[in-house]
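Q: I have a structure open and would like to talk it through. Could we start with the surface?

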Amino acid sequence: MEKEERSAKIKLSLAMLVFGSIGVFRRYIPLSSSWMAFTRGSIGTVFLLLVVLCSGKRVEKAAVKRNFLPLLISGTAIGINWILLFEAYRYTTVAAATLCYYMAPVLVIVCSPVVLKERLTVRKVVCVLGALAGMLLVSGIFQGDASGGVNAKGIACGLGAAAFYATVMLTNKFFKKISAYDSTILQLGIAALIVLPYALAVDGTGAFSALSLPQGLLLFIVGTIHTGAAYWLYFGSMQQLSSQTVAVYSYIDPAFAVVLSIVLLREETGLAGILGAVLILGSTLLSEWKGKRSV
């Protein structure tokens, strides 16, 4: 049992490291965010579907029908979330975009009294205020011209991505008797289908012709490794780990993203950015930690 748990922690850590590096890959792929989202969703869907089929299992049609509405809502939210996140990577630093994105758990806390009928405790209120203070520091509004590539459009896109990911998190609470693999396959597939008409209307069909072979390879990696393989590792680890452990390990993702943005992309974070990161990640981590313990 201990060996299985250790293996699961390694899988989860690898998944978080992969998720944390997607912003760096985005920097080197000159493709519109809509086509990036479509490619990620479609390749990821095929990858996970092959994993399920090769394992001798099948997608349960009855479970899909039973959860069709929440799957449709969450899949649509994922597609829009990806577009906004990739736009955030374009217009601000990877660190700032990632930290904005990690405001999603805070938004869930704010909405949970209405949507999930959960009690808003004093601790959660403090966590929300701490994360909001961190968000103000990361946004650069206290630094005048927001140096280091951080700007209002990137911050807005990052927060928009967080809002739609919070929608996914809340909608997932309404799933009934469906496996994590089945729900993810359907969500990614729906996300790709929802994004496709928008990509065709806004960016046309010639987007991929301008990609070089190395850029096309990077795009393929985003679809297979950052989506398909990462989700496979993520869900494959969850069965052997407690929800609290999963919550704690999930913070490898933003921490690694910030490190990569500084080391590889030479993006300046500054003292305010560092303090903001500590406040955002510390507040959301504390909130999830206490929430998981109270279940």
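This is a predicted model: local features need pLDDT of at least 70, side-chain atom pairs count only at pLDDT 80 or more; totals for chains, interfaces and linings use all residues.

Q: Which residues form a nonpolar patch on the surface here?
A: The patch consists of Phe68, Leu69, Leu72, Ile73 and Ile194. Together these residues have about 440 Å² of accessible area.

Q: And where does the largest share of the patch come from?
A: Helix H5, which covers residues 68–91, supplies the largest share, with four residues. Ile73 is placed in helix H5.

Q: Why does Ile73 count as partly exposed?
A: Its relative accessibility is 39%. Partly exposed lies between the buried limit of under 20% and the exposed limit of over 50%, so Ile73 falls in that class.

Q: Changing topic: how many helices and strands does the chain have?
A: The chain has 14 helices and zero strands. The radius of gyration is 19 Å, close to the 19 Å given by the globule rule for 295 residues, so the chain is as compact as a globular protein of that length.

Q: What box do the C-alpha atoms fill?
A: The box is roughly 55 × 50 × 40 Å along the principal axes.

Q: How much of the chain is buried?
A: Of the 295 residues, 48% count as buried. The chain exposes about 14400 Å², and carbon and sulfur atoms supply 68% of that area.

Q: What about contacts between residues at least 6 apart in sequence?
A: Among those contacts, 89% join residues at least 24 apart.

How values were computed. Residues are numbered from 1 along each chain as its sequence is written. Side-chain values use heavy atoms; hydrogens and water are left out. Patches are made of residues with over 30% relative accessible area and no salt bridge: like charges are joined within 9 Å, nonpolar side chains (Val, Leu, Ile, Met, Phe, Trp, Tyr) within 5 Å. Accessible areas come from the Shrake-Rupley method with a 1.4 Å probe; for residues, only the protein chains shown count as cover. A salt bridge is a side-chain nitrogen of Lys or Arg within 4 Å of a carboxyl oxygen of Asp or Glu. Helices (H or I, at least four residues) and strands (E, at least two) are DSSP runs, numbered from the N terminus. Buried means under 20% relative accessible area, exposed over 50%, partly exposed in between (1.4 Å probe, protein chains only). The radius of gyration is taken over C-alpha atoms; the globule rule is 2.2 Å times the number of residues to the power 0.38. Contact means heavy atoms within 4.5 Å.
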